Amino acid sequence: MENVTLTINGQKVSAPAGSTVLKAARQAGIDIPTLCNHPALAPVGICRMCLVEVKGMPTFQPACTFLVNEGMEIQTESPPLVEARKFVLDMLFSERNHFCMYCEMSGDCELQNLGYRYGIDHWVYPTYTKRFPVDSSHKNLVMEHNRCVLCWRCVRSCAELTANHTLDLRKRGIDSMIHADSHLPFGESSCISCGGCAQICPTGAIFEKRSAFMGRGKLAEHVKSTCSRCSVGCGLEIYIRGGNVLRLEGDWDGAVNGGRLCQKGRFEPLSETRPRVTQPLLRRNGKIGPASWDEALQSVAAHLGNIAAAEIGVLTSSRLTNEALYLLGKLFRQELRAANVGLSDRTAPKLMDQPRGTLADILAGDVILVVGADPVKDQPVASFLIKRAADKGARLIVVDGPDNGLAAFAHQRLEMAEIGKALEFAERAEHPVVLYGAEVSEKAGEALKKLPAKAAVLALEPGANTRAAAAFGLANGFKPDAAKFLYLVPGEENWDGREELQKAGGKGFTVVQASFESALTAKADVVLPMAIWSERGGTLTNTEGRVQQTSPAVKPAAEAKPDWEILSLLAQRLGKKLGASLDELSARAAQELK
Ligand code: SF4
Ligand code: SF4
Ligand code: SF4
């Protein structure tokens, strides 16, 4: 795009034609204050904090929506502008209750920061004239209307980023309020608890219950990592204080999610109540009890030394790191020649030699086919992208049963047998996007293989790190009946209800590598305590094949060890040289994932 030259505060600035004045200024390192603006949202220019003087214009203009022009002369901090901003702030501070010291966001609040910046040191107008309700009916969030500045960031985030359209504005003037679904209590609304509105609210008007009043986010340590709850692989920021995880936020720089998270990524990891396995356990004389790592690993190694390959059974969660899955594959499949090795989740069939699409393609699609996958349930942030594409005019066709979470948003739902009809839409489209999952029928899979090259085609794996597990040969099915030695890795998952394990129970020697106590750990012969998502490093491979970093934010609980380290120690105990350090394992795993 062509560049234009303008002057901001006497400084010559060059910016692409079509940029806003705000963008051009920020690119040149010139700060213009904002409140309703957020880089992830379309600008609306409603708060009037970013007003600037444009030479030749009779009134101040909002920098966030005003476009640059060749030769334009701009002032951003002149005395009249400062007065105008102070006036806006005086009104905002007076309109509702902004007694900052009682607010969850004090110290992290954008309104408070602007108050300091412009020297707001007293109330110019009568204040706190009207009390607004506090809605705490939501499981995870509080809506504190008294702190709201009506910037609409929450409304826009819910619509533009999550595509859920739960929030809106009701009433007018001084009575204006954010509301959910035509004024339902927040907790009874259509909110899907993505938490995006709380993350983007500039004040303490929507905040998370769990981390409220536990300390300023600004003072917490922030560790960037990747969510391991599903195969989207959203970028996370883990907020830590005093060695504890305070809360999780979406990483605005996240390659896949651009700041978004879903309920299971943002809230579920921190609402865990199951007791942890904190030390190795070993069954002696029929009773399971504490043991050292040395004793536990020795017991596993001794039993493995006395068992035929055909009698070994391995079942693993897909939420392990690439490094752990690499070691599981190498150790059990390659070194110990075990064939009865499986993954706890189903996998999507491989239809193309190379993936022909990415999650980012969804937003550019004009026809989106979702075949045998339910991203609302299994890959929620991908479902936000799909719903956004539909909001923008893409035709959404779901080929699956009526229970599919996207069925209500689809222009058309077809049965699997009608795949031919769905493909006709894809063939006629300019930018068709086809997302398929594990429930795609064989016949439909064959039909998808014939899609024209213009179609972006992407498998949505139901399990988190399924791509890596499959690459390391761990997705071949598991038959517990044949196994006399079971190595089970539920990790953080709860497998108590798994039918095949009920059948297998008590028949052979069972090793369980787990983070939490369960009926399975109680039945095991050896339990190896595993670190959870926030305690381990390594990498994860998302459904596009993108390898991303996961970082330890806190120390493992008591004697628990990262998934890869447990397997590395076991391999060493068996005399197998498969790599001992995380860096070495990451490099080897990455090599095989290419
Ligand atoms: S939590 Fe998410 S879905 Fe719920 S209101 Fe906020 S942005 Fe909308
Ligand atoms: S709740 Fe927060 S984000 Fe929403 S309008 Fe009020 S201040 Fe803005
Ligand atoms: S979509 Fe998946 S990866 Fe993203 S936050 Fe939700 S569970 Fe985590």
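The exercises below, each with a worked solution, concern a predicted model.

In this predicted model local features need pLDDT of at least 70 and side-chain atom pairs count only at pLDDT 80 or more, while totals for chains, interfaces and linings use all residues. Residues are numbered from 1 along each chain as its sequence is written, chains are lettered from A and ligands numbered from 1 in the order in which they are written, and side-chain values use heavy atoms, with hydrogens and water left out.

**Exercise 1.** Determine how the buried residues of helix α12 are arranged and what covers them.

Solution. Helices (H or I, at least four residues) and strands (E, at least two) are DSSP runs, numbered from the N terminus. With buried meaning under 20% relative accessible area and exposed over 50%, partly exposed lying in between (1.4 Å probe, protein chains only), the buried residues of α12 (residues 442-449) are Ala444, Gly445, Ala447 and Leu448. Viewed down the axis of α12, these fall within an arc of 160 degrees (taken from the directions from the helix axis to the C-beta atoms), so they line one face of the helix. The face turned away from that buried side carries the exposed Glu442 and Lys443. The cover, judged by contact (heavy atoms within 4.5 Å), includes β18 (367-371), α11 (419-428) and β21 (432-436).

**Exercise 2.** Characterise the largest nonpolar core and locate leucine 396 in it.

Solution. A nonpolar core is a set of buried Ala, Val, Leu, Ile, Met, Phe, Trp, Tyr and Cys residues joined through side-chain atoms within 4.5 Å. The largest has 42 residues, and Leu396 is among those with the most contacts inside it, as are Ile238 and Leu435. Its largest share, seven residues, comes from α10. Leaving aside neighbours within four places in sequence, leucine 396 is in contact with residues including Ile368, Val370, Ile386 and Phe409.
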